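Please consider the following model as it is presented below.

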Amino acid sequence: MDVTFDRLEDCLVVRLRGRLDRLTSGPFEQTLQREMTPPAVSVAFDCRHLEYVSSAGLRVVLATAKALRPAGHSVVLFGMQPMVREVFDISGFSEFLAILLDEPAALAAVRAPGRGLPG
């Protein structure tokens, strides 16, 4: 899996490419935590080029949302491929995480109160 980070004023855009699975989730989570330190921004996961996500990948997304919530920040996801969206739907994650169509919508959502993981 390849990942790049774009830090905007109030959001860290995490651009994912490839597979977020048991093999890649650990190293990705460590890199993500370093990029989020200190957790002063919300996170938008760019999933346009994410081909697959496993339960280990879902756990990273959930852990990120939980870590940001106490500081009033949120997690949003955008640009999901149908197979990836299906995993989020089946797991129930799409019920409590904002999943949006594109980057402008995601950036607008992290700037609006009450988005991401509910309290």
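Aspartate 46 lies in strand S3, where helices (H or I, at least four residues) and strands (E, at least two) are DSSP runs numbered from the N terminus. The model is predicted, so that local features need pLDDT of at least 70 and side-chain atom pairs count only at pLDDT 80 or more, whereas totals for chains, interfaces and linings use all residues. Residues are numbered from 1 along each chain as its sequence is written, and side-chain values use heavy atoms, with hydrogens and water left out.

Aspartate 46 counts as buried because its relative accessibility is 1%; buried means under 20% relative accessible area, exposed over 50%, and partly exposed in between, for a 1.4 Å probe and protein chains only. Its side chain makes a polar contact of 2.5 Å with the side chain of arginine 48. Such a contact is a pair of N or O atoms within 3.5 Å; within protein, one must be able to donate a hydrogen and the other to accept it, and residues adjacent in sequence count only if both atoms are side-chain atoms. Residues up to four places away in sequence set aside, aspartate 46 touches Val13, Val14, Arg15, Leu16 and Phe78, contact being heavy atoms within 4.5 Å.

Strand S3 belongs to an open sheet of five strands, ordered S1-S2-S3-S4-S5, with mixed pairing. Two strands pair if DSSP finds at least two bridges between them. S1 (2-7) and S5 are the edge strands, each pairing on one side only, and the twist from one strand to the next averages 20°. H1 lies across S1, S2 and S3 and runs at about 170° to S2. Axes are lines fitted to C-alpha atoms, for helices over the stretch in contact, and angles run from 0 to 180 degrees between N-to-C directions.

Phenylalanine 88 is located in helix H3 and is buried because its relative accessible area is 1%. Beyond its neighbours within four places in sequence, its contacts include Val53, Leu58, Leu77, Phe93 and Ser94. Serine 94 is in the loop between H3 and strand S5 (98-100); serine 94 counts as buried because its relative accessibility is 17%. A polar contact of 2.7 Å links the side chains of serine 94 and aspartate 89.

How confident is the prediction? The mean pLDDT of the protein is 91, and 92% of its residues reach 70 or more; pLDDT is the predictor's confidence in each residue, from 0 to 100. Among the elements, S3 has the highest mean pLDDT (97) and helix H4 (residues 103-111) the lowest (91). Over residues 115-119 pLDDT stays under 50, and the model has 17 contacts beyond four places in sequence for them.
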